[in-house]
Amino acid sequence: MKILYAASEAYPFAASGGLADVAGSLPRAIRGKMQACRVVMPLYSDIKPELRAQMKYVTNLTVFLSWRSLYCGVFEANYNGVVYYFLDNEYYFKRPGLYGYYDDGERFAFFSKAVLEMLHYIDYTPDIIHCNDWQTALIPVYLNVFYRGEKKFRDIKTVLTIHNIQYQGKYGMEMVQDVLGLPQSATPIVEYDGCVNYMKGGIDQCNMITTVSKTYAQEILDPWYSMVWTGF
């Protein structure tokens with residue numbers, strides 16, 4: 001089995017919380033079980049120079065995001081026996097820190113689509129793409145809407161792991177066409193409570209949903225802890 005682990009952060013390259021710890025350790029543990037597992041994440045400017053020095057350029061490609069035609073560089077590094085891919089776009093990722101910008105929705109829509117475009121250019125076709133939290137929740141959406149007709153993508157399954165459901169990637173409905181570039185017929189996939197909700201789209205379109213623990217899986221069944229009330 002071949003797995004591509006998609007995350008917005010992974011230790012030691014970039015970290016803001018528990019997601020980075022999981023993304024930095026789980027792929028290595030999976031490889032210890034004799035399964036192939038590679039990681040893909042953004043190429044942030046905050047990645048330390050000594051870690052950037054280990055990366056090698058692979059290729060570059062174009063990502064189409066609605067009306068935008070965007071550069072994406074692909075870099076690769078091997079860390080603790082795991083292959084990491086880094087997706088580069090300086091407009092989106094050459095900034096201090098990882099999150100908290102006005103265009104985070106656009107930044108991670110780009111990243112999600114770039115993950116799939118990258119597969120056209122590398123010698124690795126995963127059986128499973130393992131997505132994590134709202135920043136990668138659009139991967140199952142884009143896969144099903146735009147890529148399923150291609151032989152390379154026909155059999156890929158997707159898993160979405162929820163680390164923190166408080167952050168769902170909520171934006172105005174204008175994002176559907178202006179940023180996400182989804183056809184009108186796909187709007188219901190990402191719409192929830194009158195807005196675009198990346199997490200909802202991923203939950204709707206992925207093959208399997210997991211959480212970071214059995215306890216958390218039970219906890220978010222409660223509407224209060226799952227942040228589903230109107231106005232949040």
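Author: Gladly. Axes are lines fitted to C-alpha atoms, for helices over the stretch in contact, and angles run from 0 to 180 degrees between N-to-C directions. This is a predicted model, where local features need pLDDT of at least 70, side-chain atom pairs count only at pLDDT 80 or more, and totals for chains, interfaces and linings use all residues. Residues are numbered from 1 along each chain as its sequence is written, and side-chain values use heavy atoms, leaving out hydrogens and water.

Reader: At what angle do H4 and H5 pack?

Author: Two packed helices are described by the angle between their axes and the distance between the axes. Helices here are DSSP runs of H or I with at least four residues, strands are runs of E with at least two, and both are numbered from the N terminus. Helix H4 (residues 104–118) packs with H5 at about 55 degrees, the axes being 9 Å apart. H4 and H5 are therefore oblique to each other (under 35 degrees is roughly parallel, over 145 roughly antiparallel, 65 to 115 roughly perpendicular, the rest oblique). The crossing of H4 and H5 is right-handed; that term applies if the near helix is turned clockwise from the far one by less than a right angle, and left-handed if anticlockwise.

Reader: Which residues of H4 and H5 make the contact?

Author: Contact means heavy atoms within 4.5 Å. H4 gives Ala-109, Ser-112, Lys-113, Val-115, Leu-116 and Glu-117, while H5 gives Leu-138, Ile-139, Tyr-142, Leu-143, Phe-146 and Tyr-147. By class there are nine nonpolar, one polar and two charged residues (Ala, Val, Leu, Ile, Met, Phe, Trp, Tyr, Cys and Pro count as nonpolar, Asp, Glu, Lys and Arg as charged, the others, Gly among them, as polar).

Reader: Is H4 largely enclosed or open?

Author: Buried means under 20% relative accessible area, exposed over 50%, partly exposed in between, with a 1.4 Å probe and protein chains only. In H4, 15 of the 15 residues are buried, so H4 is largely enclosed by the rest of the structure.

Reader: And how does H5 pack with H8?

Author: Helix H5 (residues 138–147) and helix H8 (residues 198–205) meet at about 55 degrees, with axes 7 Å apart. That makes H5 oblique to H8, and their crossing is left-handed. Leu-138, Pro-140, Val-141 and Asn-144 of H5 touch Tyr-198, Gly-201, Gly-202 and Gln-205 of H8. This contact has four nonpolar, four polar and no charged residues.

Reader: Which residues of H1 are buried?

Author: They are Leu-19, Ala-20, Ala-23, Pro-27 and Ile-30. These buried residues of H1 pack against strands S1 (2–6), S2 (36–42), S5 (82–88) and S6 (128–132).
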